[in-house]
Amino acid sequence: MVERGYEEAGKRMVEHLRRQGISEVVLEAMMRVKRHLFVPPNLSDQAYNDYPLPIGEGQTISAPHMVAMMCDYLDLRKGDKVLEVGAGSGYHAAVIAEIIGEEGHVYTIERIEWLVDFSMSNLKRAGYKNATVSLGDGTLGLPEHAPYDKIDVTCAAPDVPPPLLEQLKTNGEMVIPIGRYMQELYLVKKRNGVEKEKKCDVAFVPLRGRYGFR
Ligand code: SAM
């Protein structure tokens with residue numbers, strides 16, 4: 001597909017998401033991110049379709065509506081410092097990077113080494129300087145840059161990993177899919193205590209690691 005074809009497909013994707021009630025802030029960001037730069041080349045003609053795509057080793061780039069919904073739940077603001085667990089292709093981090101702007105930063109952590117390289121080169125090729133990819137176990141968070149305004153977990157956990165809650169600012173929010181076979185997306189708000197709000201049923205690959213599934 002040539003550049004013009006991707007642009008048209010991107011517009012159709014955004015119109016489809018608008019009908020689902022996604023906010024204009026998130027739609028504008030998704031209009032700007034070239035999703036075809038984040039999928040394996042043999043799947044680039046499907047990049048703007050609203051379903052997940054395989055990126056290798058059983059891992060996926062999440063469906064556009066899921067990325068959009070999670071960004072909306074997080075209520076991302078310009079200048080936010082965000083931690084993402086599960087960089088995968090780097091696409092979700094790119095959408096976050098667009099919303100939080102150059103004064104913000106998204107740190108994304110990935111446990112599979114070649115996906116760190118894949119996401120890093122995709123983000124670089126797409127021109128994002130406010131997104132950094134690290135290799136590691138995301139269930140432990142990324143203490144060197146904590147605390148975070150928002151945390152975005154893009155794989156399904158048994159429960160909220162305690163280090164992530166510790167590294168979230170008071171008054172911050174986290175989105176996290178919880179469950180093994182039956183999964184639900186939760187919005188977790190750190191206030192004086194912790195409020196957990198169930199949002200919808202979801203299907204994500206499992207979170208592995210110290211506080212993940214074995
Ligand atoms: N956000 C990604 C994107 O935009 O392409 C999609 C993420 S994919 C659904 C989930 C990712 O979480 C996989 O790449 C997987 O390797 C990663 N993952 C699973 N457990 C992890 C852990 N403990 N730490 C970091 N990454 C993890």
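This is a predicted model: local features need pLDDT of at least 70, side-chain atom pairs count only at pLDDT 80 or more; totals for chains, interfaces and linings use all residues.

Colleague: Got it. So which way do helix 2 and helix 4 cross?

Modeller: Helix 2 and helix 4 make a right-handed crossing. Their axes come within 9 Å and cross at roughly 120°.

Colleague: And what do you call that kind of angle?

Modeller: Roughly perpendicular stops at 115 degrees, and roughly antiparallel means over 145. Helix 2 and helix 4 are therefore oblique to each other.

Colleague: Which residues meet there?

Modeller: From helix 2 you have Val 25, Val 26, Ala 29, Met 30 and Arg 32, and from helix 4 there are Tyr 91, Val 95, Glu 98 and Ile 99. Sorted by class, that contact has seven nonpolar residues, two charged ones and no polar ones.

Colleague: What about helix 3 and helix 4, how do their axes sit?

Modeller: Helix 3 covers residues 64-74 and helix 4 covers residues 91-100; their axes come within 10 Å and cross at roughly 40°. Helix 3 and helix 4 are therefore oblique to each other. Helix 3 passes helix 4 in a right-handed crossing.

Colleague: Who's touching whom in that pair?

Modeller: Helix 3 brings Val 67, Met 70 and Cys 71, while helix 4 brings Tyr 91, His 92, Val 95, Ile 96 and Ile 99. In terms of class, the contact of helix 3 with helix 4 has seven nonpolar residues, one polar and no charged ones.

Colleague: Helix 4 keeps coming up. How many of its residues are buried?

Modeller: Ten of the ten, so helix 4 is largely enclosed by the rest of the structure. Among the buried residues are Tyr 91, His 92, Glu 98 and Ile 100.

Colleague: What comes just after helix 4?

Modeller: Gly 101, which takes a positive phi of about 75°.

Colleague: Buried or exposed, Glu 57 and Asn 171?

Modeller: Glu 57 has 56% relative accessibility, so it counts as exposed. Asn 171 is at 53%, so Asn 171 counts as exposed too.

Colleague: OK, new topic. What's Ile 55 up to?

Modeller: Ile 55 lies in strand 1, residues 53-56. Its relative accessibility is 5%, so it counts as buried. Leaving out residues up to four places away in sequence, Ile 55 touches Pro 40, Thr 60, Ile 61, Gly 88, Ser 89, Trp 114, Leu 115 and Phe 118.

Colleague: How far is Gly 88 from Ile 55 in sequence and in space?

Modeller: In sequence they are 33 residues apart, and in space their C-alpha atoms are 7.6 Å apart.

Colleague: And Ser 62, where's that?

Modeller: Ser 62 is in the loop between strand 2 and helix 3. At 16% relative accessibility it counts as buried, because the cut-off is under 20%. Apart from neighbours within four places in sequence, Ser 62 is in contact with Arg 35, Pro 52, Val 67 and Phe 204.

Colleague: Where's the cis peptide bond?

Modeller: Between Ala 146 and Pro 147, with omega near 5°. Pro 147 is in the loop between strand 5 and strand 6.

Colleague: Let's zoom out. What's the secondary structure of the chain?

Modeller: Six helices and nine strands.

Colleague: How does the radius of gyration look?

Modeller: The chain has 16 Å; with 214 residues, a compact globule would have one near 17 Å, which agrees. The C-alpha atoms fill a box of roughly 50 × 35 × 35 Å along the principal axes.

Colleague: And how much of the chain is buried?

Modeller: Of the 214 residues, 54% count as buried. As for contacts with a separation of 6 or more, 58% are between residues 24 or more positions apart.

How values were computed: Residues are numbered from 1 along each chain as its sequence is written. Side-chain values use heavy atoms; hydrogens and water are left out. Axes are lines fitted to C-alpha atoms, for helices over the stretch in contact, and angles run from 0 to 180 degrees between N-to-C directions. Helices (H or I, at least four residues) and strands (E, at least two) are DSSP runs, numbered from the N terminus. Angles under 35 degrees count as roughly parallel, over 145 as roughly antiparallel, 65 to 115 as roughly perpendicular and the rest as oblique. A crossing is left-handed if the near helix is turned anticlockwise from the far one by less than a right angle, and right-handed if clockwise. Contact means heavy atoms within 4.5 Å. Ala, Val, Leu, Ile, Met, Phe, Trp, Tyr, Cys and Pro count as nonpolar, Asp, Glu, Lys and Arg as charged, and the others, Gly among them, as polar. The radius of gyration is taken over C-alpha atoms; the globule rule is 2.2 Å times the number of residues to the power 0.38. Buried means under 20% relative accessible area, exposed over 50%, partly exposed in between (1.4 Å probe, protein chains only).
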